[in-house]
Amino acid sequence: MCLIPFNLFQKIQKHITQNLPFLEESKLLIAISGGLDSVVLTHVCHRANLNFALAHCNFNLRGSESDADQDFVLQLAKDLEVEVFTQSFDTNNFAETHKVSTQMAARELRYDWFEALCEQLHFDYILTAHHADDNLETFLINLTRGTGLDGLTGIPEVNENVVRPLLKCTREEIESFAKSNNYKWREDSSNASTKYLRNKLRHDVIPVLKEMNSELLPNFETTQNNLQDSKSIIEDAITGIQKKVVSVEDDIIKFHIAKLQKLSNTKAYLFELLKEFGFTAWNDVYHLLDAQSGKQVFSNTHRLLKDREYLLLTEINNVISNDSETSIFISENDKQIKTDLGVLSLESAEEINELNAATIYVDKDLLKFPLSVRKWEKGDYFYPLGMQGKKKLSKFFKDEKYSLVEKEKAFVLCANGDVVWVLHKRADNRYKVTEKTKNILKITLQ
């Protein structure tokens, strides 16, 4: 049986028991490269009798070295009698196809695969071997690139189902632990190159900082704890501000402009309120407050639109493109038709027994098929049910206080060239059911 320096092992075991006790009762997946850190994490978990399997990614970036890493992990799993999963990736091709760096491609590929394993085989958590030196490197990378408070608070120990049990350990402790137990591991030759910023910081910058201050890592941990405390205070403040300036209607998040502009530092509050939605052009976001209605800023996933008194935030997937199919036609025999707003159902009815915004009843004999569903157009008008005379849709939307987003999503059901229904809003008076109606048609948008 190998001799273990219990100062480090007990440190990790105590930390798990006190701060990560859920790991002791969970099914775990360890991300293992074959390098020093992940090998030590594997041995520690094995020694602690945790329930785990290994997952190794072969990114095929270093030829025979990559294959040797995989062989090493397979042998380690065999020696420890634990289950192991391996996956081979064409990383360079993925990076080129998705126009991302090789490092980003590898990150996306491995985490997507880990999540798939967790879902298919019911693993509770993914363990990675990030440690205190990794945390410092990440802090310095973010600092040199420019960042907010989130970028300075470092790598989270627990991030949803990803856990990093070694985050309180230094690289020196981990290496000493491995050598004293004669553990073998694989060295990645690319780690010696300083062409990557992380490696340059690791080899050229951090050693100098440690020479200047032998307490660098403990002091850095104290700093990060202080930053985390500050972040908690800010989050509490943002929660209070959200209640005052943010409202939600269906899939639209609305930010009240006048209330935002009364805040002491509007730009900072906008950043905190919107940072999770992927925006990067923060000056453009800020200038939306004073822009004309209709101006908009995009992230990769969301759109922020200026509309009179509000900034409207929507997912790009929920923005109906002008390239949407012009019209969908409905024959007299159709029972259900899929539209951009949902499924339109048509059925005969004996009487009117359900009145809501998603359902109308019309006199079927007044309709001329095929019906059509299309986006509203400038110049469209109808005779709103319950009102006298006709009204242009543009005026109807204004009176109903439609936002620009709601106007984008406005579709109409037409017959005989007439607007029969502004979907989910108002039917046309000309097609209503009367005492003379013989055939009632119930139309529902689900």
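**Local packing and backbone features of the predicted model**

L270 is buried, with a relative accessible area of 1%, where buried denotes under 20% relative accessible area, exposed over 50% and partly exposed the range in between, computed with a 1.4 Å probe on protein chains only. The structure is a predicted model, in which local features need pLDDT of at least 70 and side-chain atom pairs count only at pLDDT 80 or more, whereas totals for chains, interfaces and linings use all residues. Residues are numbered from 1 along each chain as its sequence is written, and side-chain values rest on heavy atoms, with hydrogens and water left out.

L270 belongs to helix α12 (residues 266-274); helices (H or I, at least four residues) and strands (E, at least two) are taken as DSSP runs and numbered from the N terminus. When residues up to four places away in sequence are not counted, L270 touches L260, W282, V285, Y286, L289 and L311, a contact being defined by heavy atoms within 4.5 Å. F255 lies 15 residues from L270 along the chain, and the C-alpha atoms of the two are separated by 9.4 Å.

Two packed helices are described by the angle between their axes and the distance between the axes. For helix α2 (residues 36-47) and helix α8 (residues 171-180), the angle is about 65 degrees and the axes are 10 Å apart; axes are lines fitted to C-alpha atoms, for helices over the stretch in contact, and angles run from 0 to 180 degrees between N-to-C directions. L36, D37, V40 and V44 of α2 make the contact with I174, E175, F177 and A178 of α8. These residues comprise six nonpolar, no polar and two charged, with Ala, Val, Leu, Ile, Met, Phe, Trp, Tyr, Cys and Pro counted as nonpolar, Asp, Glu, Lys and Arg as charged, and the others, Gly among them, as polar.

Within α8, the residues R171, I174, F177 and A178 are buried. They cover an arc of only 130 degrees around the axis, which puts them on the same side of α8, the arc being that of the directions from the helix axis to the C-beta atoms. E172 and K179, on the other side of α8, are exposed. Just after α8, N182 adopts a positive phi of about 60 degrees.

An open sheet is formed by four strands in the order β13-β14-β22-β15, with antiparallel pairing; two strands are regarded as paired if DSSP finds at least two bridges between them. Because β13 (336-339) and β15 (359-363) stand at the edges, each with a single partner strand, one side of each is left without a neighbour in the sheet. From one strand to the next, the twist averages 25 degrees. Strand β14 (residues 342-349) and strand β22 (residues 440-445) run antiparallel and are joined by six bridges, and S348 stands opposite L441 in β22.

Further backbone features occur in loops. F369 and P370 are joined by a cis peptide bond with omega of about 5 degrees, and P370 is found in the loop between β15 and β16 (371-375). E160, in the loop between β5 (158-159) and β6 (162-163), has a positive phi near 55 degrees although it is a residue other than glycine, and is exposed, with a relative accessible area of 72%. K401, in the loop between α14 (393-399) and α15 (404-408), is not a glycine but has a positive phi of about 60 degrees; K401 is exposed, with a relative accessible area of 66%.
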